[in-house]
Amino acid sequence: VSAGKILVVDDDPQIRRVMKATLVGHSYEVVEARTGEDALEALPREQPNLILLDMNMPGMGGLETCRAIRAGSDTPVIILSVRNTEKDKVAALDAGADDYVTKPFGIEELLARIRAALRRSLPEGGPRAFQSPGLDVDFETRRVRAHGEDVRLTPKEFELLRYLVAHAGKPVTHRELLQAVWGPDYGDEPEYLRVFINQVRKKIEVNPAKPKYVVTVPWVGYQFVGPE
Amino acid sequence: MIAKSLRFGAALLIVAAVLALDAEVQVNATTAALSLLLAILGISAQWGLAEAMAASVVAMLGFNILFLPPVGKLTIQDPKNWVALAAFLVTAVTASQLSTRARRLAAEAEARRIEMERLYALVQSMMLTGSARKTIREFVHRAVQVFGCSAAAFYYRPADEFVRSGPESLVVSDHELRAEVEVDDISVDAVRGVALAPVRLGGRPLGSMALVGSPPSGQMVRAIVNLVALTIEKARALEDASHAEAARQSEVLKSALLDSLAHDIKTPLTSIKAAVTSLLGSAPGADRELLTIINEEADRLNRLAAEVVEMARIEAGKLHLEKQPVAVADLIAGALSDLAAALKGRPLALHVPAGLPAAEADRDFAGQVVKQFVENALKYSPEGSPLEISAELKGGKIVIGVADRGPGIEENERPRIFDKFYRGRRHRFDTKGTGMGLAIAKGIVEAHGERIWVESEPGQGAVFYFSLAASAGGRET
């Protein structure tokens, strides 16, 4: 039984080889693409569950490819890059990536990140829906309407919103939020939250600079403010 | 000579013709005198004083004989005679002087025009050459053609270089040219036919030049010197600008090369590391050890590549800092979490006072310094010995320190441990590390405009410190 189909996009053939061998060994199905252009072409045909995307490729490059993927797909994307500055990470997340792994990496770390990215549902007991005059979220059908318009959240954005709504009225710390949405190996990546919270706000808030729903609790984390 | 005699003859003939005409038409004495005066004026203006004076005497004699009564007889005693002669002579002298001056001025103007034309031609040809050196070479060769000198020489001081038009210019020695740089004004030696001049721009010496043969006037030499100085300076400015541009481009290239080098080293390491960690997951005991070695060495190679590239970037002044307020506790926590595995079994004391202001720093790079300090402390202190990390506000600066209980650092070694590739005497033969860690830390701290130092009591341990600016913004909680 396949644990999921992964599209590996990297211009280096050796990296594709080792990824294929390793991921297949862990019950994933692997398809390969050599460039961003090839990846975009393969995407509708292969319908992968996850994309491992190299940042530094000839042609359109990882960031641009990621943006192009996001224009038409919610498939989780993990960017792999030799650069490890915060600026590069934020750029990748801003481009729509779900996660960022620095090369070279241990395979266990990558597998953990892949599992985290593939995790779609939170433990049971969350809210089924949230309704207020300006915002309408159905967590079962994953539909979000803000100010009368349908908005599309990526899976990670959606999980983020769901966790915050489930704890509405209480501040949620950075670490708690990271571990809930990304997985237990996370907690020291506040820049992930900065990027994703901004994206959620852009999609559901009237004025993202002065958020009404998802508010920042200084030095602690974030809090969802319900209608009450 | 012949021309001169001809002119005398002609002058006398003109006077004779005027006299004959006056006699023929029977004019009165006044008219005759006036017509002679005109003739003398003309001769004087046209040919010069001598001819006019000769004509004056003849005119006086003719006038006396033909027009002063008794007509047909020379009456020298008559005062009218003297008046006429005086009038003729004064006219001759005055007119000749005026015309000579006019002629001289015209000749001078013409000479200057020609010199200006030559100077212009010289400058134009010099302007077209690219570098200062080419400009000088062009000058030396053109100066000979343009000014009709037999040779020219130039001493270019910034390069301590002599440029000569040919062996004829050796009349002026290198030594003379060099000495001329210090002299204030030009010197023209008419006997040797040498003009020497210092070449300066705004008081700054550029060199000196010499013209040999028939050098132009002093004024001309001065003009040449000024123009040459300007032209050379312009060429130099152009050269400097293109050097600066070339240097900038080579910096850009270097930076791009460093990036691609880092990428090219890390790409194969990625395959190696992924493969070996994958094998490690399921390897039996004996292979495990070998695979672990590959894994660790891949990490080491990766660190080494990163450090080499970073060191190169620091040395090229290419460290790009993005300063922002950073909570010091976060900085330390980040470094500690990166080193969590290595810190196992080490008692750790953390002293970060509540209310410490945030630091104004690049989060990544400042975190790297803390990490380097902690790694260093781990490396040079006995296993299981405690570490102490502190941060405090001192004189407006945030000072972060990492203390170990290692052997400490001898006083004479302290300044050198931040040098690239330096290893303490005791650890010279340890193979761990690249010897670049502290040098990189120093580069990072200095790029922040801050200070890095070490305090140590040999035998008791060492404390590494660095300072960061306190952020003007909010306080840390």
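Contact here means heavy atoms within 4.5 Å. With that rule, the interface takes 20 residues from chain B and 18 residues from chain A.

A word on the source. This is a predicted model, in which local features need pLDDT of at least 70, side-chain atom pairs count only at pLDDT 80 or more, and totals for chains, interfaces and linings use all residues. Residues are numbered from 1 along each chain as its sequence is written, chains are lettered from A and ligands numbered from 1 in the order in which they are written, and side-chain values use heavy atoms, with hydrogens and water left out.

Back to the interface. The area buried between chain B and chain A is about 1800 Å². Buried area is the accessible area (1.4 Å probe) that two parts lose on being put together, summed over both. Carbon and sulfur atoms give 60% of that area.

Next, the polar side. Five residue pairs are in polar contact between chain B and chain A, both residues at pLDDT 80 or more. A polar contact is a pair of N or O atoms within 3.5 Å; within protein, one must be able to donate a hydrogen and the other to accept it, and residues adjacent in sequence count only if both atoms are side-chain atoms.

Which elements of chain B supply at least two residues each to the side that touches chain A? They are α7 (218–280) and α10 (363–379). Helices (H or I, at least four residues) and strands (E, at least two) are DSSP runs, numbered from the N terminus. α7(B) gives the most, with 12 residues. By residue class, this side of chain B divides into three nonpolar, 10 polar and seven charged. Ala, Val, Leu, Ile, Met, Phe, Trp, Tyr, Cys and Pro count as nonpolar, Asp, Glu, Lys and Arg as charged, and the others, Gly among them, as polar.

Now charge pairs. Side chains of opposite charge can pair when their charged atoms come close. A salt bridge is a side-chain nitrogen of Lys or Arg within 4 Å of a carboxyl oxygen of Asp or Glu. The rule finds two across the interface of chain B and chain A. B:Arg363 bridges to A:Glu86, with the closest N and O atoms 3.4 Å apart. A:Lys87 bridges to B:Glu322, at 3.7 Å between the closest N and O atoms. A:Lys87 lies in helix α4 of chain A and B:Glu322 in the loop between α8 and β6 (323–326) of chain B, so the pair joins two chains.

Are these two ends buried or partly exposed? A:Lys87 is partly exposed, at 48% relative accessible area. B:Glu322 is partly exposed too, at 37%. The cut-offs: buried is under 20% relative accessible area, exposed over 50%, partly exposed in between (1.4 Å probe, protein chains only).

Stay with helix α4 (residues 86–94) of chain A. A:Glu86, A:Asp88, A:Ala92 and A:Leu93 are buried there. They cover an arc of only 160° around the axis, which puts them on the same side of α4(A). That arc is of the directions from the helix axis to the C-beta atoms. The buried residues of α4(A) pack against several elements, including α10 of chain B.

Last, inside chain B. B:Asn295 is found in helix α8. B:Asn295 is buried, at 13%. Among the residues that B:Asn295 touches is B:Lys273. B:Asp299 also lies in helix α8 (residues 285–315). A polar contact of 2.8 Å joins the side chains of B:Asp299 and B:Lys273.

Methods: Lists of a residue's contacts leave out its neighbours within four places in sequence.
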